[in-house]
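Welcome, and thanks for taking a look at this one. Here is a short tour of a helix, a surface patch and some charged pairs.

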Amino acid sequence: MTKEPRPDPNLQALQRRLADFAAARDWQRFHTPKNLASALSVEAAELVEIFQWLTPQESAAVMHGPETSARVEDEVADVLAYLLQFCETLGIDPLKALSAKIERNELRFPARRDAPPTADDHHSM
C-alpha cells in the first residue's frame, strides 16, 4: 500500500498530525506538561549521545554518513515532536516564543562589530 505524498508541512499541520496520532492511540492522557518535558529531555539526551565522544571534526561531518545522518535526523524529529506537543498542551506558539526570545537576546547581547568574537561571546539563548 503506497501513501500519497503529503504537502509540505507547516507547524500547525504537524501539531495537528501529532495530536491526531496521539488521539488515535488514546495517548492524550499521558501527554501532560511534565511527561512531555521529560520525554523531550530524554530525546535531547539521545541526540547528545550521538555526538558524545566525537571530536569537533567528526561531529562536523556527522551528516556525511548515511547511518549517522539518519540517526541524527530521527532524534531531531523526536525532539521537535515532543517540543511541538509540549507547546500545544500549554498553548504556546513556538515561533512567537522564539521570536520574542531572539529579540530579548538582541537587547541583552548587542552586536560588537568593532571586535572579533571571543570565547566569552558564546551565550545560551
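## What counts as buried

A residue is called buried when its relative accessible area is under 20%, and exposed when that value is over 50%; anything in between is partly exposed. Please keep in mind that this is a predicted model.

Let us begin with α2, which runs through residues 33-51 and holds 19 residues. From its first C-alpha to its last, the helix reaches 28 Å, close to the 27 Å expected at 1.5 Å a residue.

Which residues of α2 are buried? They are Leu36, Ala39, Leu40, Glu43 and Ile50. These residues lie on the same side of α2, because they cover an arc of only 105° around the axis. An α-helix has 3.6 residues a turn, so residues three or four places apart point the same way. Part of the cover over the buried residues of α2 comes from α4 (66-90). Turn to the other side of α2 and you will find Lys34 and Val48, which are exposed.

Next, have a look at Phe21, Trp27 and Phe30, which make a nonpolar surface patch of about 310 Å². One of them, Phe21, belongs to helix α1 (residues 11-24). Is Phe21 exposed or partly exposed? Its relative accessibility is 41%, so Phe21 counts as partly exposed, since the exposed class begins over 50%.

## Two salt bridges

How many salt bridges does a search of the whole structure find? The search finds 2. Side chains of opposite charge can pair when their charged atoms come close.

Notes
Residues numbered from 1 in each chain as written. Predicted model: local features only at pLDDT ≥ 70, side-chain atom pairs only at ≥ 80, totals over all residues. Heavy atoms only, no water. Helix = DSSP H or I, 4+ residues; strand = E, 2+ residues; numbered from the N terminus. Expected span 1.5 Å × (residues − 1). Buried < 20%, exposed > 50% of the residue type's maximum accessible area, 1.4 Å probe, protein only. Arc of directions from axis to C-beta. Contact = heavy atoms within 4.5 Å. Patch = residues over 30% accessible without salt bridge, like charges linked within 9 Å, V, L, I, M, F, W, Y side chains within 5 Å. Areas by Shrake-Rupley, 256 points an atom, 1.4 Å probe, with all protein chains shown as cover. Salt bridge = Lys/Arg side-chain N within 4 Å of Asp/Glu carboxyl O.
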